[in-house]
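Visitor: I am new to this structure and would like a close look at a single part of it. Please show it to me before I ask.

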Amino acid sequence: MQSQTGSWRLAAVLCLTLSSACAHYRVQAPGHAGAPATEPEKEVLWSLAWGLVQEKPTVDNCQGQALAEVTQSTNLGFALISVVTLGIAMPQQVEWRCAKAQPSPGELGSLTEAPQEVR
Amino acid sequence: MPPIIHKSDLKQWQNWHQTYTQKLELLVDVWNANASQSTTEGYADTTRGLQGLIAQALREGLELRALGAGWSFSTAPATSGILVNTKPLNYLFPAPRTHPSYAGSRENLLFVQCGNSVAELNHFLEEKMGKALPTSGASNGQTIAGAIATGTHGSSLDFGAMQDFVAGLHLIVSPERHVWLERASSPTIHDDIPQKLGAELIRDDRLFNAALVSLGSFGIVHGVLLVAEDRYYLQAYRQRMPLTDGLWRAMDQLDFSGVALPGSAGQKPYHLQFVINPNDLAGGVYVTVMYKHAQRPPDSRPPSPSSKLTPGDSALEIVGVLTDVASDLTIPVLGKLLDRFYGEFSDISGTPGQMFTDTTTRGKSFGSAVGVPLGQVRKTVETALAINREYAFPGLLALRYVMSSKATLAFTHHDPMTCVLDIDGASSARTKTFCQKVWQQLSAQQVPHTLHWGKINNLDGARVRSMYGPERIEAWLKARQALLTSPALRATFSNDYLRALGLA
Ligand SMILES: Cc1cc2nc3c(=O)[nH]c(=O)nc-3n(C[C@H](O)[C@H](O)[C@H](O)COP(=O)(O)OP(=O)(O)OC[C@H]3O[C@@H](n4cnc5c(N)ncnc54)[C@H](O)[C@@H]3O)c2cc1C
């Protein structure tokens with residue numbers, strides 16, 4: 001089973017590289033929340049047995065911040081795999097960028113912090 | 001607490017508009033340990049974290065480069081070594097203590113960490129401080145450090161480029177040394193502040209002016225001290241006007257005597273830009289004018305939040321929207337889409353942050369920009385139009401104006417003003433060839449010109465020297481040597497782009 005998943009993955013990666021025709025769906029948080037803090041990380045995710053088994057992306061780079069945007073892409077190769085397997089295996093690529101933190105402002109040498117003259 | 005340095009698995013990196021892919025050794029995201037509260041201690045810890053990365057690069061013999069938003073079309077931010085993503089670094093410190101001789105208002109000062117985007121700064125300044133930036137690019141997703149590193153400009157007739165509102169730089173130049181740089185001629189920060197950050201204070205006009213437009217090659221800019229002004233409003237009009245002699249004079253010399261600018265009523269424009277569709281001259285030139293007011297003009301409408309383009313958007317944003325809509329941007333398609341998305345309007349007003357917003361477009365567009373002095377504008381545009389008659393390209397020309405910048409390598413240094421001719425189109429071989437033909441013709445006709453460092457420019461050492469003259473180049477190189485004191489440090493902060501420019 002493991003090696004079968006491995007070859008499916010290989011096929012998917014091949015399709016991904018070979019196929020230039022891609023459809024993208026991007027969801028971006030509105031306004032400032034949509035400003036990205038990171039470069040896009042991506043994973044190919046598999047939905048197996050008509051969605052009974054669904055992989056989840058491992059988002060480990062956002063340091064507690066929200067996602068700024070998520071892009072789901074598919075291509076000819078992925079579509080072929082889905083059709084040939086009659087939907088048993090449906091790959092898709094998910095790409096995400098993390099949102100920025102919104103820090104409260106700090107003080108850089110406020111007047112009250114000025115060194116006191118000691119006599 | 002040390003910052004969080006997240007090592008990405010990515011082994012290659014693409015710029016925002018995906019015009020190139022760069023293989024690299026390591027991409028790291030740097031986050032302040034406590035990302036939710038700006039503190040001097042946290043800032044100082046992050047300085048040490050960044051110094052650790054420089055030490056790693058030196059140890060492993062790798063190049064290192066700070067990455068902003070990756071909005072540059074040129075390979076200025078690219079490296080085969082360690083790419084340091086600074087976007088998560090967005091601490092803000094309003095109104096820092098000033099030098100006793102500083103004549104300006106302390107309330108106008110804002111010290112910010114390098115990764116703040118210009119849009120974030122607009123929001124903070126306008127909403128929390130009642131202030132505004134004197135100028136910005138047409139869209140504002142760049143980080144502040146990335147924007148000034150290539151000399152990003154807008155089109156304010158009374159102001160220079162973005163680096164011209166910078167009064168201080170906190171620059172990390174080695175694993176052991178970081179400096180606070182400002183001009184000796186205008187000390188701004190209180191001496192205590194650099195001391196508090198552990199930075200060496202250097203007041204030197206020559207070094208400061210060189211380090212502003214650094215192309216990422218003077219070390220890591222960790223913090224930037226900005227001088228803002230009171231919040232203001234821009235009242236905007238756009239009209240398509242026939243290309244008459246009067247309009248040519250306005251474009252060439254900012255002589256408005258032969259033309260009635262939209263909404264003018266005797267006021268002087270603060271912001272002005274012309275967008276020309278070279279394949280539809282008969283339809284006229286899109287003239288966008290904005291007038292500056294302390295208060296929002298009564299009865300004026302705010303910009304529509306749902307429209308794809310904002311009043312401040314220029315040719316690149318238009319092309320971005322159009323290439324998002326149609327991946328194959330042909331000349332007829334461009335004309336049709338332009339009519340649909342870039343219409344005339346009158347009396348729309350907002351703060352600079354409302355008029356010049358962030359953009360979400362990703363289309364494969366191509367941006368280039370030529371800077372020429374006033375008086376050479378007509379010749380430059382006519383050259384581009386003549387080339388387009390022989391070799392039509394699906395794109396737009398835009399003209400924007402910038403007062404002469406003090407930065408040593410500002411491409412907007414032409415005196416007293418630089419007119420920037422943007423040539424923007426779909427990213428295609430045709431657009432590239434078109435630009436090359438324009439650059440070649442300008443050189444052949446001996447039109448003094450410079451090219452935007454952050455856009456496509458295909459420059460080499462000889463052309464850089466002929467554009468800037470040996471004095472500016474030597475001053476920049478000497479300043480770099482004074483700050484990056486060893487050959488190993490200079491090699492670390494070099495990349496292919498810098499070497500191609502003859503500036504490594
Ligand atoms: C949609 C769009 C609109 C644009 N509009 C305009 C415009 O109106 N006017 C204009 O002049 N330009 C414009 N540009 C060009 C853009 O402003 C510049 O290329 C700018 O430098 C990009 O900033 P960035 O934050 O993306 O920096 P990057 O592209 O990531 O980097 C640019 C340079 O800055 C350096 N850098 C970044 N951060 C640091 C740091 N912390 N320390 C040291 N060096 C650093 C990098 O190493 C690199 O050399 C536009 C580009 C796009 C894509």
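Visitor: How much space lies in the second largest pocket? Please describe that part closely, and then the other spaces inside the protein.

Guide: The model is predicted, and the values below are computed from it. About 1200 Å³ of space lies in the second largest pocket. Its lining is made up of 46 residues, and those closest to the centre of the pocket are Gly31(A), Thr357(B), Asp358(B), Thr359(B) and Thr360(B). Several elements supply at least two residues each to this lining: strand 1 (22-28) of chain A, and helix 2 (118-129), helix 7 and helix 9 (352-355) of chain B. Helix 2 of chain B gives the largest share, 5 residues. Sorted by class, the lining of the pocket has 15 nonpolar, 19 polar and 12 charged residues. Two domains of chain B also take part, with at least three lining residues drawn from each of domain 1 (4-230 + 480-500) and domain 2 (233-451).

The structure holds 2 cavities of 30 Å³ or more. The largest cavity has a volume of about 660 Å³. Its lining consists of 40 residues, and Trp71(B), Ser72(B), Gln142(B), Gly146(B) and Thr150(B) are the ones nearest its centre. In chain B, strand 5 (64-67), helix 3 (144-149) and helix 7 (315-325) each supply at least two residues of this lining. Helix 3 of chain B provides the largest share, 4 residues. The classes here are 16 nonpolar, 20 polar and 4 charged. Domain 1 and domain 2 of chain B each give at least three residues to the lining of the largest cavity.

The second largest cavity has a volume of about 90 Å³. It is lined by 14 residues, and closest to its centre are Pro134(B), Thr135(B), Ser136(B), Tyr232(B) and Phe356(B). The lining of this cavity divides into 7 nonpolar and 7 polar residues, with no charged residues. Because domain 1 and domain 2 of chain B both give residues to the lining, the second largest cavity lies between them.

Domain 2 of chain B spans residues 233-451, and helix 10 of chain B covers residues 377-390. This helix has 14 residues and reaches 20 Å from its first C-alpha to its last, close to the 20 Å expected at 1.5 Å a residue. Its buried residues are Val377(B), Thr380(B), Val381(B), Thr383(B), Ala384(B), Leu385(B), Ile387(B) and Asn388(B). An α-helix has 3.6 residues a turn, so residues three or four places apart point the same way.

One single residue can close the tour. Ser38(B) sits in the loop between strand 4 (26-31) and helix 1 (40-60) of chain B. Its relative accessibility is 2%, so Ser38(B) counts as buried. Leaving aside residues up to four places away in sequence, Ser38(B) touches Pro103(A), Ser104(A), Pro105(A) and Gly106(A) in chain A, and Tyr91(B), Leu92(B) and Phe93(B) in chain B. Ser38(B) and Met290(B) are 252 residues apart in sequence, and their C-alpha atoms are 35 Å apart in space.

Technical notes:
Residues numbered from 1 in each chain as written. Chains lettered and ligands numbered in written order. Predicted model: local features only at pLDDT ≥ 70, side-chain atom pairs only at ≥ 80, totals over all residues. Heavy atoms only, no water. Expected span 1.5 Å × (residues − 1). Buried < 20%, exposed > 50% of the residue type's maximum accessible area, 1.4 Å probe, protein only. 1 Å grid on protein atoms, 1.4 Å probe; cavity = no way out; pocket = protein on both sides within 12 Å on 5 of 7 lines; lining within 4 Å. Points joined across faces, edges and corners; volume = space filled by probe spheres on them. Nonpolar A, V, L, I, M, F, W, Y, C, P; charged D, E, K, R; others polar. Domains from an automatic or database assignment. Contact = heavy atoms within 4.5 Å.
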